[in-house]
Amino acid sequence: MKLLVKTGIELECLKTQADGSEFDASLLPSALIGHGVRAKWAGGWRRSIGNDYWDVKTDSSCGYEVASPPFSNADAFTKQLKSVCEKMVSSGANVDNRCGVHVHLGLANAVGEDRTASVVYKLAKFCARNQD
(Lines give C-alpha, C1' and ligand atoms only; values in the text may rest on other atoms or scores of the structure.)
Protein backbone atom coordinates (compact mmCIF):
# COMPACT_ATOMS: atom_id res chain seq x y z
CA MET A 1 0.00 0.00 0.00
CA LYS A 2 1.36 3.41 -0.97
CA LEU A 3 1.87 5.99 1.80
CA LEU A 4 0.35 9.43 1.21
CA VAL A 5 3.66 11.10 2.03
CA LYS A 6 7.22 9.82 2.26
CA THR A 7 7.74 8.73 5.85
CA GLY A 8 10.82 8.10 7.93
CA ILE A 9 11.47 7.34 11.59
CA GLU A 10 14.31 7.66 14.10
CA LEU A 11 14.49 5.33 17.11
CA GLU A 12 16.75 6.42 19.98
CA CYS A 13 18.36 4.14 22.56
CA LEU A 14 20.87 4.36 25.41
CA LYS A 15 24.58 3.52 25.40
CA THR A 16 23.93 1.07 28.25
CA GLN A 17 21.89 -2.11 28.37
CA ALA A 18 19.35 -2.82 31.12
CA ASP A 19 22.02 -4.66 33.15
CA GLY A 20 24.34 -1.62 33.02
CA SER A 21 26.77 -3.08 30.49
CA GLU A 22 27.68 -1.15 27.36
CA PHE A 23 25.44 -1.46 24.31
CA ASP A 24 27.58 -1.74 21.16
CA ALA A 25 25.38 -0.21 18.48
CA SER A 26 28.13 -0.67 15.88
CA LEU A 27 27.12 -4.36 15.74
CA LEU A 28 23.50 -3.56 14.93
CA PRO A 29 23.89 -2.98 11.15
CA SER A 30 25.26 -6.49 10.54
CA ALA A 31 22.43 -7.97 12.63
CA LEU A 32 19.89 -6.00 10.57
CA ILE A 33 21.51 -7.01 7.27
CA GLY A 34 21.16 -10.63 8.40
CA HIS A 35 17.40 -10.01 8.57
CA GLY A 36 17.15 -8.45 5.12
CA VAL A 37 17.32 -4.81 6.26
CA ARG A 38 19.95 -2.59 4.59
CA ALA A 39 21.86 -0.75 7.32
CA LYS A 40 25.17 1.05 7.87
CA TRP A 41 27.13 2.19 10.92
CA ALA A 42 27.82 5.92 10.72
CA GLY A 43 30.00 6.12 13.83
CA GLY A 44 29.24 9.77 14.41
CA TRP A 45 26.19 11.81 13.61
CA ARG A 46 25.38 12.53 9.97
CA ARG A 47 22.33 13.55 7.98
CA SER A 48 20.36 10.60 6.66
CA ILE A 49 18.45 12.41 3.93
CA GLY A 50 18.32 10.50 0.66
CA ASN A 51 19.67 7.23 2.05
CA ASP A 52 18.22 3.93 0.95
CA TYR A 53 19.41 2.19 4.13
CA TRP A 54 18.89 2.42 7.90
CA ASP A 55 21.58 4.61 9.46
CA VAL A 56 22.88 3.64 12.93
CA LYS A 57 24.69 6.56 14.56
CA THR A 58 25.47 8.38 17.77
CA ASP A 59 22.84 10.73 19.21
CA SER A 60 23.48 13.57 21.65
CA SER A 61 20.23 13.17 23.61
CA CYS A 62 20.67 9.64 24.89
CA GLY A 63 23.34 7.65 23.05
CA TYR A 64 22.39 6.17 19.69
CA GLU A 65 19.72 6.44 17.05
CA VAL A 66 18.62 4.24 14.21
CA ALA A 67 17.23 6.35 11.35
CA SER A 68 15.23 4.87 8.51
CA PRO A 69 15.42 5.88 4.89
CA PRO A 70 12.31 7.61 3.53
CA PHE A 71 9.57 5.11 2.68
CA SER A 72 6.76 5.41 0.12
CA ASN A 73 5.35 1.92 0.71
CA ALA A 74 3.52 1.18 3.98
CA ASP A 75 4.08 -2.58 3.81
CA ALA A 76 7.85 -2.21 3.37
CA PHE A 77 7.97 0.43 6.11
CA THR A 78 6.08 -1.64 8.70
CA LYS A 79 7.94 -4.86 7.85
CA GLN A 80 11.35 -3.22 8.19
CA LEU A 81 10.34 -1.22 11.29
CA LYS A 82 9.24 -4.46 12.97
CA SER A 83 12.54 -6.14 12.08
CA VAL A 84 14.58 -3.17 13.32
CA CYS A 85 12.69 -3.01 16.64
CA GLU A 86 13.02 -6.77 17.17
CA LYS A 87 16.77 -6.68 16.43
CA MET A 88 17.29 -3.67 18.69
CA VAL A 89 15.59 -5.48 21.57
CA SER A 90 17.36 -8.80 20.99
CA SER A 91 20.69 -6.96 20.72
CA GLY A 92 20.21 -5.36 24.13
CA ALA A 93 19.07 -1.85 23.20
CA ASN A 94 17.57 -0.04 26.19
CA VAL A 95 15.58 3.20 26.57
CA ASP A 96 14.57 5.65 29.28
CA ASN A 97 12.76 9.00 29.37
CA ARG A 98 15.62 10.75 27.51
CA CYS A 99 15.04 8.62 24.42
CA GLY A 100 12.47 9.41 21.78
CA VAL A 101 10.98 8.44 18.48
CA HIS A 102 10.94 11.02 15.71
CA VAL A 103 8.69 10.62 12.70
CA HIS A 104 9.51 12.49 9.50
CA LEU A 105 6.77 13.29 7.01
CA GLY A 106 7.57 14.60 3.53
CA LEU A 107 4.82 17.20 3.58
CA ALA A 108 6.36 19.79 1.25
CA ASN A 109 5.90 17.56 -1.80
CA ALA A 110 2.44 16.40 -0.66
CA VAL A 111 0.75 19.68 0.29
CA GLY A 112 3.10 22.31 -1.12
CA GLU A 113 5.68 24.36 0.71
CA ASP A 114 3.23 27.21 1.25
CA ARG A 115 0.82 24.97 3.23
CA THR A 116 3.38 22.87 5.15
CA ALA A 117 3.46 25.14 8.25
CA SER A 118 -0.35 25.09 8.46
CA VAL A 119 -0.48 21.30 8.21
CA VAL A 120 2.23 20.90 10.88
CA TYR A 121 0.35 23.29 13.19
CA LYS A 122 -2.89 21.31 12.77
CA LEU A 123 -1.05 18.04 13.35
CA ALA A 124 0.53 19.41 16.56
CA LYS A 125 -2.90 20.56 17.79
CA PHE A 126 -4.37 17.14 17.02
CA CYS A 127 -1.55 15.39 18.92
CA ALA A 128 -1.88 17.73 21.90
CA ARG A 129 -5.65 17.08 22.13
CA ASN A 130 -5.19 13.32 21.92
CA GLN A 131 -2.42 12.65 24.43
CA ASP A 132 -2.90 10.11 27.20
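## Basis

This is a predicted model, in which local features need pLDDT of at least 70 and side-chain atom pairs count only at pLDDT 80 or more, while totals for chains, interfaces and linings use all residues. Residues are numbered from 1 along each chain as its sequence is written, and side-chain values use heavy atoms, with hydrogens and water left out.

M88 touches L11, C13, L28, V66 and A93 (heavy atoms within 4.5 Å), not counting residues up to four places away in sequence.

## Salt bridges

Five salt bridges are counted, each a side-chain nitrogen of Lys or Arg within 4 Å of a carboxyl oxygen of Asp or Glu. K57 pairs with D55 at 4.0 Å, N to O, and with E65 at 3.6 Å, N to O.

K57 counts as buried because its relative accessibility is 2%, where buried means under 20% relative accessible area, exposed over 50%, and partly exposed in between (1.4 Å probe, protein chains only). D55, at 0%, and E65, at 3%, are buried as well.

## Surface patch

V101, V103, L105, L123 and F126 form a nonpolar patch on the surface, with about 450 Å² of accessible area together (Shrake-Rupley method, 1.4 Å probe, only the protein chains shown counting as cover). Such patches are made of residues with over 30% relative accessible area and no salt bridge, like charges being joined within 9 Å and nonpolar side chains (Val, Leu, Ile, Met, Phe, Trp, Tyr) within 5 Å.
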